[in-house]
Amino acid sequence: MRKYRIYYSIVLFIMLCLFLWTNTAQVLLALLMLCIFPLFSGILTMIWVYTLRFEVSLPSVCVTGQNVAVYFHITKKAGWIARQLVVPVMIYNHMFDRQEKKWLSIFPGHKREEKFTLPVQTELCGEVTIHLEEICCYDIFRLFCVKKSCRQEQTMMIYPSVIPMNLMLKQRPKSRETGDIYDEDIRGNDATEIFDLRGYQEGDSIRSVHWKLSTKLEKLLVREFSRPASFDTALLFSLSGKGRVTDQRITRVTVLALSVMEALLKLDMEHQVGCMVNGKLLEMPVCSRNDCMQVRDSMMGMRSSGEPASVLQSFMKMGRHFQYTKVIFVTAELDDDLLRTLGSQVNLSVILPVEGKEDYIDSSSGYEVLALSDKDPGNGRYIYI
């Protein structure tokens, strides 16, 4: 805008000098028009902006790599000639504490309602907030800029996409404990072990009634059965490495962790998932696809960290590794000392995303590293653990 004002001032000065030189009515009329038209255009622009309605919308959820755009809906009461609208858009990713500013420059036409789009990068997962503060409108001559407050905020969840993955087990994990182990928190269908007793409710099976105790207490009691626990497999993932590895690589950790969860469920393997949330080790049982989605939703509230392998430190400090015979660790960087220590006490497989390389396997450090490249992720993976 400053450039156009300089150009206009030069033209105005030339016309003024020309009028002083010629002293003619034609030049004076042209000089007056040069002064009036921009002012008139600026006033019309103020009226146009005042009657303008500007709304923002975007999808509530998507997955990494999906084509997504922010939609801008403009409604005008006065469909005058096009004027340039410049909209500063702030895009903030909570997981990676990453903010970028984009500029939407549009030229609305004569239609009363119009829609415009602004593409959004979805290479990083996490909760993304789109924030607008104001819109700027320039008049035809680009000499005046009229600003209008337009505070709007929209949120979108970018979930990790799932890679087709086939796990080939070298040895199916078995619990170290002898005998049957039952889950203390979740009921199941194993009639050989009682989880809890409760009052009879309509729809309960007659077979589940505890007749002996019901007769003694003179009210119908129903047995809730237990579920055998098979949480001898732990899947850990770490969002550490911020500042040392790319954010895209950390996003790949969430993608691979979610893909491994899905693959374990295909094998009917219940497992425990562990990660760091607000400096504490969070452990979640995964027994169904619904549990898998709950873990995915929990990922959206996590933040990438600069602390290396804090999940391993907490896991071992709490002695949790003694309760599992198989640990799968998904990470963007390797801490060799911690991994050697853990690998000496439990069957450990480390899944490491790599960029621009082929897949490879390394077992030279006392634990197995499965390095997976981002090449052709849609073709799936066959992984031996």
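Predicted model: local features only at pLDDT ≥ 70, side-chain atom pairs only at ≥ 80, totals over all residues.
This tour goes from the whole chain to its nonpolar cores and ends at one helix residue.

Colour by secondary structure: the protein chain has 7 helices and 19 strands. Of the 385 residues, 47% are buried. Among contacts with a separation of 6 or more, 65% join residues 24 or more positions apart.

Next, select Phe237 and Met261. In the largest nonpolar core, which has 42 residues, these two touch the most other members. To see where this core comes from, select strands S9 (165-168), S12 (233-237), S13 (271-277), S14 (280-286), S15 (326-330) and S18 (368-373), together with helices H4 and H5 (289-299); each supplies at least two residues. H4 gives the largest share, 11 residues.

Keep Met261 selected and show what surrounds it. Beyond residues up to four places away in sequence, Met261 touches Leu235, His271, Val273, Val286, Cys292, Val295 and Met299. Another core, of 29 residues, lies apart from the largest one; select Cys62, Ile106, Leu118 and Cys137, which are among its members.

Finally, go to Asp247, in helix H4 (residues 247-266). Is Asp247 buried or exposed? Its relative accessible area is 13%, so Asp247 counts as buried, the cut-off being under 20%. Show its contacts: leaving aside neighbours within four places in sequence, Asp247 is in contact with Phe96, Arg98, Leu124 and Lys242.

Notes
Residues numbered from 1 in each chain as written. Heavy atoms only, no water. Helix = DSSP H or I, 4+ residues; strand = E, 2+ residues; numbered from the N terminus. Buried < 20%, exposed > 50% of the residue type's maximum accessible area, 1.4 Å probe, protein only. Contact = heavy atoms within 4.5 Å. Core = buried A, V, L, I, M, F, W, Y, C linked by side-chain atoms within 4.5 Å.
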